Amino acid sequence: MVEDRLQSKLCAEKLKAMKEPTRVRIVDLLRDGERTVSEIADDLSEEVVNVSHHLGILFHAGLLEKSKKGCQQRIEVVSSISTLGAVA
């Protein structure tokens with residue numbers, strides 16, 4: 001059997017999570033640094049409830065992580081994603 005060097009199932013899950021343009025915009029925005037849900041919604045001119053929905057999918061796919069600073073929950077991309085080049 002041939003080794004699955006690309007980890008095809010894992011890769012497909014992450015790509016599936018990125019199929020929505022808003023999610024691509026969220027990840028691109030977070031590549032510049034961590035933000036709160038409200039900051040993301042403001043920066044993208046989206047409703048907080050819609051951003052929260054997309055964030056949930058991105059968290060489930062392992063593309064984002066949360067950290068707490070004071071009473072605020074901050075969201076950032078996982079380090080392996082933040083180092084990728086910009087999509088042109």
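Author: T22, R23, I26 and V27 in α2 meet V51, H53, H54, L55, I57 and L58 in α4. Contact here means heavy atoms within 4.5 Å, and helices are DSSP runs (H or I, at least four residues), numbered from the N terminus. The contact residues divide into six nonpolar, three polar and one charged. Ala, Val, Leu, Ile, Met, Phe, Trp, Tyr, Cys and Pro count as nonpolar, Asp, Glu, Lys and Arg as charged, and the others, Gly among them, as polar.

Author: A word on the source: this is a predicted model, where local features need pLDDT of at least 70 and side-chain atom pairs count only at pLDDT 80 or more, while totals for chains, interfaces and linings use all residues. Residues are numbered from 1 along each chain as its sequence is written, and side-chain values use heavy atoms, with hydrogens and water left out.

Reader: How do I describe the way two helices pack?

Author: Two packed helices are described by the angle between their axes and the distance between the axes. For α2 and α4 the angle is about 80° and the axes are 10 Å apart. That makes α2 roughly perpendicular to α4, a label for angles of 65 to 115 degrees. The axes are lines fitted to C-alpha atoms, for helices over the stretch in contact, and angles run from 0 to 180 degrees between N-to-C directions.

Reader: Which residues of α2 are buried?

Author: Buried means under 20% relative accessible area, exposed over 50%, partly exposed in between (1.4 Å probe, protein chains only). In α2 (residues 21-30), the buried ones are T22, R23, I26, V27, L29 and L30. They sit on the same side of α2, because they cover an arc of only 160° around the axis, taken from the directions from the helix axis to the C-beta atoms.

Reader: And is T36 buried or exposed?

Author: T36 counts as buried because its relative accessibility is 11%. Leaving aside neighbours within four places in sequence, T36 is in contact with Q72, Q73 and R74.

Reader: What about phi at S45?

Author: Most residues other than glycine have a negative phi. S45 is not a glycine, yet has a positive phi of about 55°. S45 lies in the loop between α3 and α4 and is exposed, with a relative accessible area of 69%.

Reader: How many disulfides are there?

Author: A disulfide is a covalent bond between the sulfur atoms of two cysteines. With a cut-off of sulfur atoms within 2.5 Å, a search of the whole structure finds zero. C11 is partly exposed at 38% relative accessibility, and C71 is exposed at 76%.

Key: Helix = DSSP H or I, 4+ residues; strand = E, 2+ residues; numbered from the N terminus. Parallel < 35°, antiparallel > 145°, perpendicular 65-115°, else oblique.
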